[in-house]
Amino acid sequence: MKNKKDGYPQKNFSQPVKRYCQTLDLKDDPELIKEYVKRHSKMYAWPEIREGIRSVGILEMEIYILDTRLFMIVETPLDFEWDSAFEKLAGLPRQSEWEEYMSIFQQSDPKASSAEKWKLMDRMFYLYDY
């Protein structure tokens, strides 16, 4: 893992994008958290889940962790429609299985969809352009 104090490079897109930010809490169990991180690694994440995320129009998705708190950044084209995309995502093969499996790590309803578990956040500050 890259040193967090070095920062993380961002992908450049050939189109304007918008960003959504979400949060979710994990169960306070170091072994579960370690396994959750492992299950999201390139080696262990299910390829169908990554493909499904891209198929609904998501360009990039990042998850950051601090203790039990997760923070997700989702970047999409400007014409992306959140509700319809996540409705489609919920119906893709293995998505509900993945959500149920991930729920053993998360403080959420095991039957909840991704859109129900992850809470969208309000932006309260940015460096304004004048």
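Which strand gives the most to the lining of the largest pocket? Read on for that, and a few other things worth a look.

1. First, the ground rules. This is a predicted model, where local features need pLDDT of at least 70, side-chain atom pairs count only at pLDDT 80 or more, and totals for chains, interfaces and linings use all residues. Residues are numbered from 1 along each chain as its sequence is written, and side-chain values use heavy atoms, leaving out hydrogens and water.

2. Now the sheet. Strands count as paired if DSSP finds at least two bridges between them. S1 (residues 17–25) and S3 (residues 69–77) are joined by nine bridges; for instance, lysine 18 has threonine 76 in S3 as its bridge partner.

3. Back to the opening question: the answer is S2, with seven residues. The largest pocket holds about 1400 Å³ of space. A pocket here is an open set of points on a 1 Å grid over the protein atoms alone, where a 1.4 Å probe fits, with protein on both sides within 12 Å along at least five of seven lines; lining residues have an atom within 4 Å of a point. The volume is the space filled by probe spheres set on the points, which are joined across faces, edges and corners.

4. Finally, the second largest pocket has about 160 Å³ of space. Here H4 gives the most to the lining, with four residues.

Note on methods:
Helices (H or I, at least four residues) and strands (E, at least two) are DSSP runs, numbered from the N terminus.
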